Amino acid sequence: DHDAKGLAEIAARIAERAAARILELRAQGVSVAASKSSATDVVTAADQESERLIVAAIQEVRPDDGILGEEGTGIAGSSGITWVIDPIDGTVNYLYDLPAYAVSIAATVADGAAYADGRRAIAGAVCNPRTEELFVAWQGGGATRNGEPIRITGQEDLSVSLVATGFGYTVERRTRQAEMVARVIPRARDIRRNGSAAYDLCMLAAGRIDAYYEEGLQPWDYAAGVLIASEAGATLIGRDAATPPGEPFMVVGSAGLVEELRSLALGA
Ligand code: IPD
């Protein structure tokens with residue numbers, strides 16, 4: 001009953017605007033505004049401005065929707081749609097001017113999705129202003145990169161798969177993630193750590209990596225990217241249905257690869 005295509009168009013338009021703005025701000029220089037969970041988990045003034053811009057733009061066209069944002073926005077809506085936004089996913093790359101960062105915007109509905117926090121995206125957009133790429137998807141509508149349809153590689157053999165992952169910000173999490181990498185790397189073609197979960201999921205959707213997994217993502221990191229990847233043919237699995245909220249573990253890739261990669265990463 002929601003107009004997923006229309007929501008995707010809104011997400012795309014706003015993601016492009018915010019992406020253009022963070023690029024402009026980057027050119028003026030960037031400094032760390034605050035640290036969050038640890039000294040490695042930074043937020044810049046651009047994250048905050050981008051979030052303000054996105055929230056205002058959504059409220060202008062969809063005043064009854066909820067909004068959940070990485071930099072603290074929590075607005076309860078009444079329409080059944082909650083926007084889940086990451087104003088800059090890949091903030092550390094942004095700080096260093098490495099090109100893997102993006103604005104991520106998803107329109108989600110509550111449906112009890114087990115891997116997540118009970119919400120699922122029906123429309124989403126991820127925009128990387130440095131590579132001039134806009135990825136868009138809506139439920140049942142396929143996924144595109146700059147307007148062209150994209151598709152996963154479909155690779156099912158782990159030994160020739162390029163696998164991306166990411167790391168969280170706490171020592172405890174990184175220790176566990178290092179153990180996961182130690183189990184995966186001898187068995188895969190290679191590992192990439194690009195630095196933006198949203199962009200990784202789009203790279204998977206576009207066939208530039210074969211699989212992606214990570215533990216401990218937050219909804220704004222993956223809400224749009226997971227939809228884009230699945231509309232491009234990817235299968236997603238989590239640890240199991242009992243994974244506590246805020247601790248999602250996900251593997252995304254071809255149907256034939258995800259289960260093997262999941263057991264390997266978890267040491268199961
Ligand atoms: C981070 C990035 C990174 C992933 C981390 C995320 P942020 O998001 O997506 O690739 O490994 O888990 O927290 O902090 O740059 O928005």
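Is Asp64 buried or exposed, judging by the other C-beta atoms within 10 Å? Asp64 is exposed, because 10 other C-beta atoms lie within 10 Å. The legends below walk through this predicted model view by view.

**View 1. The whole chain.**
The secondary structure of the protein chain comes to 7 helices and 15 strands. Along its principal axes, the C-alpha atoms fill a box of roughly 50 × 45 × 35 Å. A compact globule with 268 residues would have a radius of gyration near 18 Å, and the 17 Å of this chain agrees with that. Of the 268 residues, 46% count as buried. Among contacts between residues at least 6 apart in sequence, 66% join residues at least 24 apart.

**View 2. Two domains side by side.**
Here the chain is divided into domain 1 (4–149) and domain 2 (158–266). Their C-alpha centres lie 19 Å apart. Across the boundary, 38 residues of domain 1 are in contact with 30 residues of domain 2. Several elements give two or more residues to the side of domain 1 that touches domain 2, including β3 (66–69), α3 (91–96), β6 (102–110) and β7 (119–128). The largest share of that side, 6 residues, comes from β7. By residue type, the side of domain 1 that touches domain 2 divides into 19 nonpolar, 12 polar and 7 charged residues.

**View 3. The shell around the ligand.**
Of the 14 residues around the ligand, Asp89, Thr91, Gly166, Ala197 and Asp221 come nearest. The shell divides into 3 nonpolar, 6 polar and 5 charged residues.

An unreviewed UniProt entry lists Glu70, Asp86, Ile88, Asp89 and Asp221 under "binding site". These positions are spread over 152 residues of sequence, yet they cluster in space, with a largest C-alpha distance of 9.4 Å.

**View 4. Asp86 in its strand.**
Find strand β5 (residues 82–89), and you will find Asp86 in it. Asp86 counts as buried because it has 32 C-beta neighbours inside 10 Å. Not counting residues up to four places away in sequence, Asp86 touches Glu70, Ser104, Ala198, Trp220 and Asp221.

**View 5. Asp221 in its helix.**
Asp221 lies in helix α6 (residues 219–231). With 25 C-beta neighbours inside 10 Å, Asp221 counts as buried. Which residues is Asp221 in contact with, leaving aside its neighbours within four places in sequence? Asp86, Asp89, Ala197 and Ala198 are its contacts.

**View 6. Val184 and its neighbours.**
Val184 is found in helix α4 (residues 171–184). Val184 counts as partly exposed, because it has 19 C-beta neighbours inside 10 Å; a residue needs 20 or more to be buried. Leaving aside neighbours within four places in sequence, Val184 is in contact with Val163, Ile191, Leu264 and Ala265. The C-alpha atoms of Val184 and Ala100, 84 residues apart along the chain, are separated by 23 Å.

**View 7. Back to Asp64.**
The residue from the opening question is found in the loop between α2 (45–61) and β3. Asp64 touches Gly77, Ser78 and Ser79, not counting residues up to four places away in sequence. The C-alpha atoms of Asp64 and Ser159, 95 residues apart along the chain, are separated by 48 Å.

**View 8. Two loop residues with positive phi.**
Most residues other than glycine have a negative phi. Phi of Asp97 is near 60°, a positive value in a residue other than glycine. The place of Asp97 is in the loop between α3 and β6, and Asp97 is exposed, with 11 other C-beta atoms within 10 Å. Glu132 also has a positive phi, near 55°. Glu132 lies in the loop between β7 and β8. With 10 other C-beta atoms within 10 Å, Glu132 is exposed.

Methods:
Residues numbered from 1 in each chain as written. Predicted model: local features only at pLDDT ≥ 70, side-chain atom pairs only at ≥ 80, totals over all residues. Near = placed C-beta within 6 Å. Nonpolar A, V, L, I, M, F, W, Y, C, P; charged D, E, K, R; others polar. UniProt positions renumbered as here; feature names shortened; annotations may be inferred. Helix = DSSP H or I, 4+ residues; strand = E, 2+ residues; numbered from the N terminus. Buried ≥ 20, exposed ≤ 12 C-beta atoms within 10 Å, placed from the backbone. Contact = placed C-beta atoms within 7 Å. Domains from an automatic or database assignment. Rg over C-alpha atoms; globule rule 2.2 N^0.38 Å.
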